Structures are given as structure tokens and as C-alpha cells.
Amino acid sequence: MVEIKNLTKKYGNKLAVDNISFTIKKGEILGFLGPNGAGKSTTMNILTGYLSATSGEVTIDGHDILDDPVEAKKKIGYLPEHPPLYMDMTVREYLDFVYDLKNVKEDREEHIKKICETVKIVDMQNRLIANLSKGYKQRVGIAQAMVGNPEVLILDEPTVGLDPKQIIEIRSVIKKLGRSHTVILSSHILQEVNAICERVIIINGGKLVASDTPENLGKSISNENKFQLRVAGEERKILDVLENVGGIKYVKSLGRKEAGSIDFIVEAEPNVDVRPLIFNALAGAQLPMLSLQTMDLSLEDIFLEVTRVQGGTYFEDVDEDDIEFVETESNKKGEEQ
Ligand code: ADP
Ligand code: MG
């Protein structure tokens, strides 16, 4: 439905988007994830024809955004980072204005009514946009994107600046839209794309660093061969035993978490199930293993991993207050490594 080929954008000398290619299938909800400054808004502005690329191609349902902009843009509804709302209009006046601007052919009353129902702003139609809460303004922004029934909705950080209740409501609106539209949604919040999207593309420093389902991203990076174990006994003795188990790449002590025992992280070679080997070796040395668990990577871990491996600058130009982390079991463990 949407095809992006070798997209590059320079602002002067600054490379904001660096040779990105990907496709979005019809009906898909795609998450475009990346830290602030990664190039998400730039990419979305190019996808929607608001900004021209330095090089590369974008086609929407076969229509090139540059050669055939009228047809391509008809297929797209866009919620930019800063929605162009007119504060002195009522919601209804504004939607009428957008309807005229887009030269929509459908029955006006019916069409606008349906959109207002979907984003739940029916009762707000006569209110001035200036007087709406941020959550309702965002709904109006989504509503204007839906005017003209575009097949593809491109939403740039649709939940930014909303309170938790509004975030949940907007997410459920987006999920609902996903049933009848192709949706591309950008976010710097990991749990957001995890909650809404079927596929995730991660960009960092203008480069595409990962593209997969949230589940597969987890599998490809974790290899399911990293474990955390708790063993009763002395640290040195346990390390001696673990270091001599075949198939183990490294062992790291996490120190005491429970009286009389030490926690360790063990990484095994790929395709070796070291668990029985660890069990037998420890039992042979009379060091009881109290627990052993696989360390599944959360999307947070994956995000940090792919942005780090690619020489990323995750924290460099990011205001830490802008990063929203959920403390998961696995990133708690990660911090202790
Ligand atoms: P994101 O939406 O992922 O936060 P942007 O696409 O807004 O990222 O920005 C990508 C990079 O391009 C950033 O380093 C940003 O500072 C830079 N940039 C964005 N817009 C402009 C512009 N109009 N002029 C110069 N640099 C820009
Ligand atoms: Mg942005």
C-alpha cells in the first residue's frame, strides 16, 4: 500500500533520514518507533508530500507522491506533530472547512457525523476548538485526517502530551481505525507501539535499525539463551563450577538477592540447552540451584539494544524527561548487569 525506497533527507548538511526503505501492507498498523530526533516526523512529512526528499521514492497505492501528488494525497489522512487546528472555529466549522478544502464528494452530513462518532466528538461539535482539552483537540486532529475517507492514516505521535486516561482513549480510537485503515503511527514510547501495532520499525539517527513484529524482534535478539539463576552457596565456588560448564559463553554475578544465595546471569552458546548441564554441575558440587529463568527481552531492551549496536546515540540529544520507561522485570535485571 505504501512503498518507501531509499529515502534520504538532508537539512543543509544534516542528514535527518539516511537511505530508509520499507513497505506497509494494506490494513496493517505499523509502529514507527525511535527516540526524539530520530527522523520520524521528517519521514512522515515526506510520506505525506509535505516535504520533499533529497532522494528516494514514495508511492502510495502505486501513485508516486511527487509525480502524481493529487491521487497519492487522496489516499492519505495525516495528523502532523502539530495539527493545524483553527482555534477560533468550532469543531463542526473546522471539519466543514477541511471537507471543502479536500473537495470531498461524499454526503457532507453523513460523512462528518460518522467521523465524529468514530472519534467520539459528537457532543463537542459546537464547541470552540480553543476551549477543548488536549485530548479532544487530538481527536479533532484525527477527525480532520479521516475527512475524505483516506485508506492510509499517518499519525505523528498521536498521544504526545496527553494524560494517561486520554492516552488510553486515543489508543483505542486508533485500534478501531486500524480495522478499516492502513495506519502508520510514530511514537518514542515503547509500550505504545507494543500495545497498538502489528509491526514495528525502529529508526535511530535517521537509519532503519529493525523491522519486525514486536514478538519476533524479541526472539531475534534474545536467542532465548540468556538465563538468570539463583544458587545457594559461596560466590567463588559457584562461579568455578559455572565457568566450567560446556556451552556457557559468560557468567556474571549479580550479588546477593536472598540470604545465603547469589544470583547470576549466564549466557549460553546459541542452540545449546545448557540448563540440564548447569543443573547437574551444581548438584554434583552440592550447590543447590534455587531458581533458573530465561531472560526474555522486553521491547525496551530490544530498543536499547538495536539503537546501541548500530552506534546509536540514544541518550545524547534526548531530554531524559521525554523518555517514558516502564520498569519491567527484564530491564530491572538489565540495570543490574
Ligand atoms: P523525530 O520526529 O524522530 O523526533 P525529526 O524528523 O523531527 O525527528 O528530526 C530529525 C532530525 O532532523 C533532528 O536532528 C532534527 O533536529 C533535524 N531537523 C528536523 N527538522 C529540521 C529542519 N526544518 N531544519 C533542520 N533540521 C531539522
Ligand atoms: Mg517528531
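Good morning. Just after helix α5, Gly 148 adopts a positive phi of about 95 degrees; helices here are DSSP runs of H or I with at least four residues, strands are runs of E with at least two, and both are numbered from the N terminus. The model is predicted, so local features need pLDDT of at least 70 and side-chain atom pairs count only at pLDDT 80 or more, while totals for chains, interfaces and linings use all residues. Residues are numbered from 1 along each chain as its sequence is written, chains are lettered from A and ligands numbered from 1 in the order in which they are written, and side-chain values use heavy atoms, with hydrogens and water left out.

Let me stay with α5. The 13 residues of this helix, 134-146, should span 18 Å at 1.5 Å a residue, and its end C-alpha atoms lie 19 Å apart, which agrees; the expected span is 1.5 Å times one less than the number of residues. Of those 13 residues, 11 are buried, so α5 is largely enclosed by the rest of the structure. Buried means under 20% relative accessible area, exposed over 50%, and partly exposed in between, with a 1.4 Å probe and protein chains only. The buried residues of α5 pack against β6 (76-79), α3 (91-101), α4 (108-118), β7 (152-156) and α6 (164-178), where contact means heavy atoms within 4.5 Å.

Ser 187 is buried, with a relative accessible area of 0%. Its side chain makes a polar contact of 3.3 Å with the side chain of Glu 192. Such a contact is a pair of N or O atoms within 3.5 Å; within protein, one must be able to donate a hydrogen and the other to accept it, and residues adjacent in sequence count only if both atoms are side-chain atoms.

Ser 41 is buried at 18% relative accessible area, whereas Glu 81 is partly exposed at 40%.

Finally, ligand 1. A polar backbone atom of Ser 41 lies 2.8 Å from an oxygen atom of ligand 1. For the side chain of Lys 14, an N or O atom is 3.3 Å from a ligand 1 oxygen.
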